[in-house]
Amino acid sequence: MLIIAALHSMHLSLHGQGNEWAWGGFPTVSVGAVASEKWSVNTFGFLMVQNVEGIDAGSSKHSEGLLLSYLETSVTRTFDSHWSGTLSYTKEQLRPASDSPRHEHRIWVQVNAVHPGNKPEVEHSHRMRWDQRYLIESDSNEPLVRPRIRYQWGRTQLLRDHLSVRTELEGFVEMHPAAPQRFMEAWGAAMLRRQLHPM
């Protein structure tokens, strides 16, 4: 059994809307165990810490705190060099330090596919996930059931000296009757990565 642990560097974000700006950090830890050629287990977690500043009637306002805590444990089964499947349980807590936190329990299953691109150094990936979400507000013991489907496309291009560029796009479609509309969310990311060691 091979155990892999990684402490990722602090991710920083900055965004603004109107006269308010928010910045924050995402300290992240991931621990994985490879049980065999076909089975692996991974635990992944992060905290989202934010700081909000703004201008209101000529004076600045300031707030900070822990916005989100996230813990995920998953089991992955590899079928061949292109296909794999993952089953996971996730516990997410929004505003954990407040008097009214929101808890989310999530069981999800996904299918992963990886295939080569039109150049030897390019690789494409696809991920289709079903999220079975249970949301519990602080003033209610009755969970809200909020299933959704997620699809992610990714592209990795190898550069030189163990460098690679990774691009990801993902869309979310709500599958519960309370959704005001089906397509609710989309996001994208671009990353420059460097492999430090073969393991």
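This is a predicted model: local features need pLDDT of at least 70, side-chain atom pairs count only at pLDDT 80 or more; totals for chains, interfaces and linings use all residues.
Me: How many aromatic pairs does the structure hold?
Reply: It holds 4 aromatic pairs.

Me: Take F44 and Y70. Is that pair stacked or edge-to-face?
Reply: Edge-to-face, because the ring planes of F44 and Y70 stand at 75 degrees. The ring centres are 6.2 Å apart.

Me: Where do the two sit in the chain?
Reply: F44 is in strand 3, residues 39–56. Y70 is in strand 4, residues 59–78. They are 26 residues apart, so the pair links distant parts of the chain.

Me: What about F46 and Y70, stacked or edge-to-face?
Reply: Stacked. The F46 and Y70 rings lie 4.8 Å centre to centre, with 20 degrees between the planes. This pair also links distant parts of the chain: F46 is in strand 3, Y70 in strand 4, and 24 residues separate them.

Me: Is F46 buried or exposed?
Reply: F46 is buried, and Y70 is too.

Me: Which residues form the aromatic cluster?
Reply: F26, F44, F46 and Y70 form one cluster.

Me: Which residues make up the largest nonpolar core?
Reply: There are 5: F26, F46, M48, L68 and Y70. Strand 3 and strand 4 each give at least two residues to this core. F44 is in the aromatic cluster, but it is partly exposed at 24%.

Me: New topic. What sits over the ring of W108?
Reply: The charged end of R129. It is 3.6 Å from the centre of the W108 ring.

Me: Now the surface. Which residues make the nonpolar patch?
Reply: L87, Y89, I107, V109, W130, Y134, V145 and M175. The patch covers about 680 Å².

Me: Which elements give two or more residues to it?
Reply: Strand 5 (83–94), strand 6 (102–116) and strand 7 (122–136).

Me: Where is M175 found?
Reply: M175 is in the loop between strand 10 (163–174) and strand 11 (183–194).

Me: Why does M175 count as partly exposed?
Reply: Because its relative accessibility is 35%.

How values were computed
Residues are numbered from 1 along each chain as its sequence is written. Side-chain values use heavy atoms; hydrogens and water are left out. Patches are made of residues with over 30% relative accessible area and no salt bridge: like charges are joined within 9 Å, nonpolar side chains (Val, Leu, Ile, Met, Phe, Trp, Tyr) within 5 Å. Accessible areas come from the Shrake-Rupley method with a 1.4 Å probe; for residues, only the protein chains shown count as cover. A salt bridge is a side-chain nitrogen of Lys or Arg within 4 Å of a carboxyl oxygen of Asp or Glu. Helices (H or I, at least four residues) and strands (E, at least two) are DSSP runs, numbered from the N terminus. Buried means under 20% relative accessible area, exposed over 50%, partly exposed in between (1.4 Å probe, protein chains only). Rings of Phe, Tyr and Trp (its six-membered ring) pair if their centres lie within 6.5 Å; planes under 30 degrees apart count as stacked, over 60 as edge-to-face and the rest as tilted. A charge sits over a ring if NZ of Lys or CZ of Arg is within 6 Å of the ring centre and within 35 degrees of the ring normal. A nonpolar core is a set of buried Ala, Val, Leu, Ile, Met, Phe, Trp, Tyr and Cys residues joined through side-chain atoms within 4.5 Å.
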